[in-house]
Amino acid sequence: MASVVTAYDVPEIRARMTEWARDPGTDGAGNWFRFFVGPRPEDSAGEPAFPPLDDVGATITDTLRAQLPAAELFYVSANLTDLASHAATTLTDYRLHPEDLPAPVGFLVYEHPPVAGTANARHDAVSVVSWGPGRGGLWVQAWGTVPDPEPPAVEVGRRLARLPRDYALSQMRKAAALNLPVPTPDNKPASHDDTVDQGARHILATFLRNAERAPIPPSFAPPHGYEWCGLIPMLFTEMKGWPSSLAEGTSAVDIDAQIVLQRTILTTWLLLGQTLVRSERTRAPRAARRRVERYDPALDTAVRLVDLRRARTTPADRSQGDVGAGTREYHHSWVVRGHWRNQYYPSRQDHRPVWIADHFAGPEDKPLIGGERVNVLRR
């Protein structure tokens, strides 16, 4: 089981990713994106962030090389991660504004993955998000840890990378010529050895096109330990589902998981700008700072640790004197479930969702209605 990442780990994670983004060798980001993404993936067709003649893999690499060193670092506690996951389920369509971002360029690590089911066969659930300006608006990149134990494809890829490239390509072409079916429980060979052999041949055939356009990355999975899970070239438009990401898998389940993740990221940004969240700046320990300095002395090691404030008895937008005010006399107090309130901001001439946390309502000296929760909808 992987150890929990803490706020102290965030600067070093960013430093390792920055070094990878800058590495011009076969194990660097440039070759990794040439191999796995290529110049023109099918799911980038019609995407306004990438003109027809653009090299998509190279553009993503250049963007990361510029954004990662400049990013402000954030660490989201487990409590706040859970709240963001919950609140995202009721967030309505919303037009994001640049000022809603906690920083123009950011790198955010969740204490645990905020959304289940975001992983495909090659990486675990997303727990890191980076963002910054990109063509057309905002580019959001999602990252997930490589599972332990690693998938068979990683080990096969590393073995191929150690072979002379011409020989590796010849073996991959032979496997592709067999036109083997995708391994499933229904078509498994009788013996274990034959099953392993069929799976390996299928992997060889799968990555033939990748290996023909770029050398196989020696680590296969990025050496910093986080798999790139997709790019969301996001415009500041109505949030009725962001553009599809450049990730593996196009099933309806994958699409739904992507939309849930995207709404959870948006919810996290909105919550970071509200009073129910407390923020404190911390720095990596001295040993970690020295390791970061070896990567790049210019990289900042300060991290904003964000967590929920202590629970209130009234929501942030109401004073205690307002509770129970009006013509009615209440004989009980009650619990109001957390909900979104669409609050108007004259400075931007638009509304912004504000999360109203669970709180007690009604007179303090009256008995609490046992176990009941009341949804209060306010506009």
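Start with Thr282, which counts as buried at 15% relative accessibility; buried here means under 20% relative accessible area, exposed means over 50%, and partly exposed is in between (1.4 Å probe, protein chains only). Thr282 sits in strand β6, residues 277–283. Leaving aside residues up to four places away in sequence, Thr282 touches Ala7, Tyr8, Thr301, Ala302 and Val303, where a contact means heavy atoms within 4.5 Å.

A word on the ground rules. This is a predicted model, so local features need pLDDT of at least 70 and side-chain atom pairs count only at pLDDT 80 or more, while totals for chains, interfaces and linings use all residues. Residues are numbered from 1 along each chain as its sequence is written, and side-chain values use heavy atoms, with hydrogens and water left out. Helices (H or I, at least four residues) and strands (E, at least two) are DSSP runs, numbered from the N terminus.

Now follow the strands. β6 runs antiparallel to β7, with 7 bridges between them; two strands pair if DSSP finds at least two bridges between them. In that pairing, Val277 has Leu308 of β7 as its bridge partner.

From β1 (residues 72–76), move on to β2, which pairs with β1 in the parallel sense over 5 bridges. Leu73 has Phe107 in β2 as its bridge partner. To get from β1 to β2 the chain goes through helix α4 (residues 78–88), and this β-α-β crossover is right-handed: with the strands pointing away from the viewer, the path from the first strand over the helix to the second runs clockwise. How many of the residues of β2 are buried? For this strand, residues 106–110, it is 5 of 5. Gly106, Leu108 and Tyr110 cover one side, Phe107 and Val109 the other, and all are buried. β2 pairs with β3 (residues 126–134) too, in the antiparallel sense over 4 bridges, with Val109 partnered by Val128 in β3.

Next, helix α1. At 1.5 Å a residue, its 13 residues (10–22) should span 18 Å, and the end C-alpha atoms are 19 Å apart, which agrees; the expected span is 1.5 Å times one less than the number of residues. In α1, 10 of the 13 residues are buried, so the helix is largely enclosed by the rest of the structure. Among them are Ile13, Met17 and Trp20.

Trp20 takes us to the rings. The whole structure holds 14 aromatic pairs; rings of Phe, Tyr and Trp (its six-membered ring) pair if their centres lie within 6.5 Å, and planes under 30 degrees apart count as stacked, over 60 as edge-to-face and the rest as tilted. The rings of Trp20 and Trp143 have their centres 6.0 Å apart and their planes at 80°, so this pair is edge-to-face. Trp20 in α1 and Trp143 in β4 (residues 137–145) are 123 residues apart. Trp20 is buried at 3% relative accessible area, and Trp143 is buried at 0%.

Phe35 and Phe220 also pair edge-to-face, 6.0 Å centre to centre with 70° between the planes. Both are buried. Finally, ring pairs link Trp20, Trp32, Phe33, Phe35, Phe36, Trp143, Phe207, Phe220 and Trp228 into a cluster.
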